[in-house]
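Open the model in your viewer and follow the stops below in order.

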Amino acid sequence: MLSGDRPEKGKRMHIPDGYLSPSTCALTLAIALPFWWLAYQRAKRLLHTRLVPLFAVFSAFSFVIMMFNLPLPGGTSGHAVGMGIVSIVLGPWASIIAISLALLIQALFFGDGGISSFGANSLNMAIVGSLVAWASYRLLSAGAPLASRRRVIAAGVAGYLAINASALLAAIEFGVQPMLFHDASGTPLYAPYPLSVAIPAMMIGHLSFAGLAEMLLSAGLVAYLQRAHPALLAGTAGIRANNSQQNGSVRQLWYGLAGLMILSPLGLLAAGTAWGEWGAEDFANPAARQEIIQASGLHALPDSAPEGLARLAGLWSAPFPDYAPAFIHSPAFGYVLSAVFGAGLILLSLLLLARLGGKRGLPQ
Amino acid sequence: MSEQSFLAGKHRHHGNIAERMVHGLQQVMEHALDAEAISATPGLLQQLDPRIKLLSLLAVLVATLLASQLTTLLLLFVLAVVLALASQVSISRLYRQAWLSVLLFSGMLALPAIFMVPGEPLFTLPLLHWHITRQGLSSAAFLLGRAEVSASFALLLMLSTPWMHVLKAMRSLGVPVLVVALLGMTHRYVFVLLQTASQMFEARRSRLLAPPSGRMARQLVASTSGVLLGKALQLSSDVHMAMVSRGYRGEVYLLHNFHTRKRDWCALLLAVALPLVIVWNHA
């Protein structure tokens, strides 16, 4: 927002009105709602009467930080969102609420980010951004003393990863629009670029300039706090973590996971195959060929499967092909079973990673 | 190209980092003062009940998203212009604060779509041999049209309604009281912290003899943010003590004093009819 001599490269990803379809806006808002509720419940229990003043002032702080224009090496400048630093100081739940409120004021009062796309912006930046920033900071700084250099690097990496996770999510939201929402003549009604264009276009800017701005601000701020206010870093450093709270958060993570598993059959409602997930045999099947041509914006399809795909197709076969093991005949049950199996694998790898990091990295 | 915002069309300041920051932060405060001044003038939108205005804005935004014809978007755009004129909001202000920034941001973003969206070619660029497609042109027009119309209406609501009224209207429409209280206080402290940040940069500017190097400028922004964070924490604990000492025990109460009149209901009826007509035409 504030710019001058330096060309502004690190743009933020506030999605304006009109870029996302009404159903995408409603869906992202519906996904954001339980996170807000959970964040509010956790914060209320911890803060009681301190909640309102603390959140109000920190939302205002996030807002002001979003206005700062950070000079970047190479003569450009960029904005940071600040989800990294707010998560590091206040924890992910308070950060979700503070950044969401700042985004709402930006949308309503300053027209920065749309009103209809508020749910999507909150999901991308406030929710996913804060959780990614917090988890990566905890993992990378596990066991490090408050004044250590590792904490500065961890904060920088956390900011960088958070902004890029948010950008990737925004790119996916943009990229699915032309596939799902177009008129009879094929005109995209909302964001017009497919995933193959939207993802590189968003990610190039965020992997470089915007990511750098967020990284420099988070790392610089943690370095400053180590010198001036080390107490502010102690709150979420995991040093004073108590066991009962950790058990509580594990329980909530389990509830979340169970909810996601129950929702997994929703994938069955989607018609056809996901774009790009075609097998070599689909090129020989006339019905599947027609579907691929439709989904690829009427581009002509080669007569046979590309040589590389045919060669690699037999190299590795998934344990659950098409999400349903061969011995299960109901596709819906197979889908749920695959989700349970996949979630179990992810959870196991996360626990192993956290154990390697020396701490149980779960949100507080 | 900056991002899309009501402030993007404002005059830009050239100078060192501290000067630019002071100037930019002051522009944010000026926008708030402008909005407050315009909301006090006697105009059509200013006289409507804030709850009705907020509901109508949401209805118009839904209509803008549902519209599947460019003429519908054009009519909505004309409606925004007419409402602005009737509410003493000048066209130059709409142009500066909404249209220009949307054009620069969404226009730049939509431009490649006219070549990249596959479809029926209309004509080919002479040297590059790129085809401009009919589908590409209309998808770019949809993106730009929706963004322009939404930004115009959002700006009109903002300029015609004081922030506190918007918040009270949100409360009457069922937004939880805690969210409303938080938004009200956040808005208040945004300006307190903006002022603090602006003073910090001003103080630094008065001590700078030469433009700072890139590294120094980054350190300046990071340490200012750090000081601001410390001040914010101190402020929140002061405010907390002040609230508790005045009887705050975790419950928030707001006063309601809005009265709807016949013209408010007419406005709401018209606004809600828009998305319905669009859906009916589309079906």
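Select chain B and colour it by pLDDT: the mean is 86, and 95% of the residues of chain B reach 70 or more. This is a predicted model, and for the complex the predictor gives an ipTM of 0.88 and a pTM of 0.76.

Now show both chains and look at where they meet. Here 78 residues of chain B are in contact with 69 residues of chain A. On the chain B side, the helices that each supply at least two residues are α1 (17-39), α2 (50-66), α4 (91-110), α5 (113-116), α6 (134-160), α7 (163-172), α8 (177-205) and α9 (214-245). Which helix gives the largest share of this side of chain B? Select α9(B): the largest share, 20 residues, comes from there. Colour the chain B side by residue type and you will find 46 nonpolar, 26 polar and six charged residues.

Next, select chain A, again coloured by pLDDT. The mean for chain A is 77, and 63% of its residues reach 70 or more. Select helix α5 (residues 118-140) of chain A, where confidence in that chain is highest, at a mean of 94. Then go to strand β1 (residues 8-10) of chain A, where confidence is lowest, at a mean of 48.

Note on methods: Residues are numbered from 1 along each chain as its sequence is written. Chains are lettered from A and ligands numbered from 1 in the order in which they are written. This is a predicted model: local features need pLDDT of at least 70, side-chain atom pairs count only at pLDDT 80 or more; totals for chains, interfaces and linings use all residues. pLDDT is the predictor's confidence in each residue, from 0 to 100. Two residues are in contact if their C-beta atoms, placed from the backbone, lie within 7 Å. Helices (H or I, at least four residues) and strands (E, at least two) are DSSP runs, numbered from the N terminus. Ala, Val, Leu, Ile, Met, Phe, Trp, Tyr, Cys and Pro count as nonpolar, Asp, Glu, Lys and Arg as charged, and the others, Gly among them, as polar.
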